[in-house]
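Work through the exercises below with the structure open beside you. Try each task before you read its solution.

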Amino acid sequence: MRLSDKSAIVTGGGAGIGRAICLLFAEEGASVVVADIDETGGQETASLIADAGREATFIKTDVSDEGQVMAMVDEAASAMGKIDVLINDAAAFVFGQVEEVTDADWQKVFGVNVLGPSYCVRNVMPHMKKLGGGSIVNIASVSSFIAQPAFVPYNTSKGALLQLTRCLAMDLAPHNIRVNCVCPGSVLTQATEAHRRYTGSDRDDFLREAGASNFMKRIADPREIAYGALFLASDESSFMTGSPLIMDGGATAQ
Ligand SMILES: NC(=O)c1ccc[n+]([C@@H]2O[C@H](COP(=O)([O-])OP(=O)(O)OC[C@H]3O[C@@H](n4cnc5c(N)ncnc54)[C@H](O)[C@@H]3O)[C@@H](O)[C@H]2O)c1
């Protein structure tokens, strides 16, 4: 029960890594608000938690719309009584080389991946200040550090999210609010499948190639990444802020 008595908002909790984080946090004693633009996926995560006898509320939210974020945070605070933890996991996946990418693509990817987390932080801050502190975890990526073929908008947004993490960590430290990020390598989710479709690769070849770029020679399961978010959300990481936790099977160590 590493999060007993903690209340957490997880954006993007309706699928993939966000869902794994919601389930693990609930197992570890947290009350969870699942905030996602996808009603079906978000409700499903909340039901899985409720079936396991834990507390969860789904709130339909587009994180790129600050009005919706504000309403979600208000509802989350009423439902859980307080907000100790914010996980910024929701992301838009826009692939392509620079000539292929439209202004609308850039606006979408920055709206969801950079402005979205900023809106969430801005709106949870008063609640965390009232509590005397909190922990914010951004789900960044190895794409925050490295270039990958035809990944221009997404990788640029994830680089910005890493820098947002550092800047927020500095400014929020006086309020005892820690801000860190998890930087996963390849993880098996619907987003990976969307990337495979974009590349036109065969599924087995794609997975083999994704695994080949790390020491472990495999792609990660979302739950393996959720454990990183758990550590950063919990008091076990009390002296960590502004840090990227790289979970990539060694891909960026070579
Ligand atoms: N899958 C990977 O290989 C991988 C690697 C590194 C980092 N990441 C990061 O992990 C996080 C989760 O990725 P995933 O692979 O689990 O993706 P996913 O597509 O499985 O899940 C993303 C969730 O975010 C939600 N979402 C999308 N836009 C939203 C919006 N505007 N408002 C609210 N919710 C929205 C989706 O509905 C979905 O439920 C992302 O931040 C991603 O950048 C993923």
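The expected span of a helix is 1.5 Å times one less than its number of residues. Keep that rule at hand for the first exercise. The model is a predicted one.

**Exercise 1. Helix H5**

Task: Find how far helix H5 reaches from its first C-alpha to its last, and state what span is expected.

Solution: 
- Step one: locate the helix. H5 covers residues 152–172 and has 21 residues.
- Step two: compare the spans. H5 reaches 30 Å, close to the 30 Å expected at 1.5 Å a residue.
- Step three: pick out the buried residues. Among them are Pro153, Tyr154, Lys158, Leu161, Leu162, Leu168 and Leu172.
- Step four: recall the helix rule. An α-helix has 3.6 residues a turn, so residues three or four places apart point the same way.
- Step five: see what lies against the buried residues of H5. They pack against helix H4 (103–131) and against strands S5 (134–139), S6 (177–184) and S7 (244–247).

**Exercise 2. Arginine 19**

Task: Decide whether arginine 19 is buried or exposed, then list its contacts beyond its neighbours within four places in sequence.

Solution: 
- Arginine 19 sits in helix H1, residues 16–27.
- Step two: apply the cut-off. Buried means under 20% relative accessible area. Arginine 19 is at 17%, so it counts as buried.
- Step three: look beyond its sequence neighbours within four places. Arginine 19 is in contact with Gly12, Gly13, Gly14, Gly41, Glu44, Thr45 and Leu48.
- Step four: check the side chain. A polar contact of 2.8 Å links the side chain of arginine 19 to that of threonine 45.

**Exercise 3. The ligand**

Task: Work out how many residues surround the ligand, and which are closest.

Solution: 
- Step one: take the shell. It has 29 residues, and the closest are Asp36, Asp89, Tyr154, Lys158 and Thr189.
- Step two: sort the shell by class. There are 14 nonpolar, 10 polar and five charged residues.
- A backbone N or O atom of isoleucine 17 is 2.8 Å from a ligand oxygen. For valine 63, a backbone N or O atom lies 3.0 Å from a ligand nitrogen.
- Step four: find a side chain. An N or O atom in the side chain of tyrosine 154 is 2.5 Å from an oxygen atom of the ligand.
- Step five: judge the cover. Alone, the ligand exposes 830 Å², and the protein buries 92% of that.
- Step six: name the elements. H1, H5 and helix H6 (190–199) each give two or more residues to the shell. The largest share, three residues, comes from H6.

**Exercise 4. Serine 144**

Task: Say where serine 144 is found and which residues it contacts, apart from neighbours within four places in sequence.

Solution: 
- Step one: serine 144 is in the loop between S5 and H5.
- Step two: its relative accessible area is 12%, so serine 144 is buried.
- Step three: leaving aside those neighbours, serine 144 is in contact with Lys158, Gly159 and Leu162.

**Exercise 5. Positive phi**

Task: What is the phi of aspartate 5, and what is that of lysine 217?

Solution: 
- Step one: recall the background. Most residues other than glycine have a negative phi.
- Step two: aspartate 5 has a positive phi of about 70 degrees. It lies in the segment before strand S1 (7–11).
- Step three: lysine 217 has a positive phi of about 60 degrees. It lies in the loop between helix H7 (203–212) and helix H8 (222–233).
- Step four: check exposure. Aspartate 5 is exposed at 65% relative accessibility, and lysine 217 is exposed at 56%.

Technical notes
Residues numbered from 1 in each chain as written. Predicted model: local features only at pLDDT ≥ 70, side-chain atom pairs only at ≥ 80, totals over all residues. Heavy atoms only, no water. Helix = DSSP H or I, 4+ residues; strand = E, 2+ residues; numbered from the N terminus. Buried < 20%, exposed > 50% of the residue type's maximum accessible area, 1.4 Å probe, protein only. Polar contact = N/O pair within 3.5 Å; in protein donor to acceptor, adjacent residues only side chain to side chain. Contact = heavy atoms within 4.5 Å. Near = heavy atom within 4 Å. Areas by Shrake-Rupley, 256 points an atom, 1.4 Å probe, with all protein chains shown as cover. Nonpolar A, V, L, I, M, F, W, Y, C, P; charged D, E, K, R; others polar.
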